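Subject: Structure handover

Hi,

Here is the structure I promised to pass on. Please have it open while you read, as my notes follow below.

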Amino acid sequence: MSSIKIRQCGITDGNTECIVNAANVNLKGCGGVCGAVFRGAGWDDMEAICDEIGHCDVGAAVITPALRLRTKYVIHAVGPVWQGGGFHEDKLLYSAYRAALDLALAYGLHSVSLPLISVGNNGYPIEDAWTIGLRACADFLDDHPAYEIDLLFTIPDETLVRVGNFQLSRMFSRAKAQ
């Protein structure tokens, strides 16, 4: 049975078949989740692979080998920079998650570690980011009921984990009530 879970740990500690990287449009290594993924994979090698791809639009995703990480693949999903909410950031963030999950499906992956995309340097409001990320994952599971996949949000910050677990329990308690 498929699941959505949240665990307090780093993105590279999820023990899944695939890691989703919170990428930028140029697919360049930087700080936060992206830096952890690049360091774990081998910075220069991941940079060379991403340079070959060259670009990924906001709301889209691309897949690469995981190199030195203990996983098969890295899916680089590009979320929006928060600009106040008037530039379709919600649709772009949802699209980034769905593009990543569609790639996981296309590659036959059954376990994926996800970050909270677009928070941190991109400035997305935390509660809204959780709502959109969890909704995208729940919709994906609803759209593919026969496909078994475990989605694990790997979040290093205890406060973000609490907010996410609250949102997750609220989302599924509403679904049961309907």
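How many bridges join β1 to strand β6, and do the two run parallel or antiparallel? There are 6 bridges between β1 and β6 (residues 150-155), and the two strands run parallel. One of these pairings sets Arg-7 against its bridge partner Thr-154 in β6.

Before I go on, a word on the ground rules. This is a predicted model, in which local features need pLDDT of at least 70 and side-chain atom pairs count only at pLDDT 80 or more, while totals for chains, interfaces and linings use all residues. Residues are numbered from 1 along each chain as its sequence is written, and side-chain values use heavy atoms, with hydrogens and water left out. Helices (H or I, at least four residues) and strands (E, at least two) are DSSP runs numbered from the N terminus, and two strands pair if DSSP finds at least two bridges between them.

The sheet

β1 and β6 belong to an open sheet of 6 strands, in the order β1-β6-β5-β2-β4-β3, with mixed pairing. β1 (3-8) and β3 (61-65) stand at the edges with a single partner strand each, so one side of each has no neighbour in the sheet. From one strand to the next, the twist averages 25°. Angles here run from 0 to 180 degrees between N-to-C directions, with axes fitted as lines to C-alpha atoms, for helices over the stretch in contact.

β4 shows both kinds of pairing. With β2 it runs parallel, over 6 bridges, and Ala-22 stands opposite Ala-77 in β4. With β3 the sense is antiparallel, over 5 bridges. Here Ala-61 has Ala-77 as its bridge partner in β4, and Ile-63 has Ile-75. As for burial (buried means under 20% relative accessible area, exposed over 50%, partly exposed in between, with a 1.4 Å probe and protein chains only), 5 of the 6 residues of β4 are buried, as are 4 of the 5 residues of β3.

Contact means heavy atoms within 4.5 Å. Helix α4 (residues 126-143) lies across β1, β5 (111-114) and β6, running at about 165° to β6.

How far does α4 reach from its first C-alpha to its last? The answer is 26 Å for its 18 residues, close to the 26 Å expected at 1.5 Å a residue; the expected span is 1.5 Å times one less than the number of residues. Its buried residues include Trp-130, Cys-137 and Phe-140.

Helix α3 (residues 89-106) has 18 residues, which should span 26 Å, and its end C-alpha atoms are 25 Å apart, which agrees. Among its buried residues are Glu-89, Leu-93, Tyr-97 and Arg-98. The buried residues of α3 pack against β2, β3, β4, β5, α4 and β6. Just after α3, Gly-108 takes a positive phi of about 70°.

One cysteine to look at

Cys-50 lies in helix α2 (residues 43-53). It is buried, with a relative accessible area of 0%. Leaving aside residues up to four places away in sequence, Cys-50 touches Leu-27, Phe-38 and His-76. Cys-50 and His-76 are 26 residues apart along the chain, and their C-alpha atoms are separated by 9.3 Å.

Pocket and cavity

Both were found on a 1 Å grid over the protein atoms alone: a cavity is a set of points where a 1.4 Å probe fits but cannot get out, a pocket is an open set with protein on both sides within 12 Å along at least five of seven lines, and lining residues have an atom within 4 Å of a point. Grid points are joined across faces, edges and corners, and a volume is the space filled by probe spheres set on the points.

The largest pocket holds about 520 Å³ of space. It is lined by 28 residues, with Ala-22, Gly-32, Val-33, Val-119 and Gly-120 lying nearest its centre. β2, α1 and β6 are the elements that give two or more residues to this lining, and the largest share, 4 residues, comes from α1.

How many cavities of 30 Å³ or more does a search of the whole structure find? The search finds 1. The largest cavity has a volume of about 40 Å³, and its lining includes Ile-11, Asn-15, Arg-70 and Ser-113.

Best wishes
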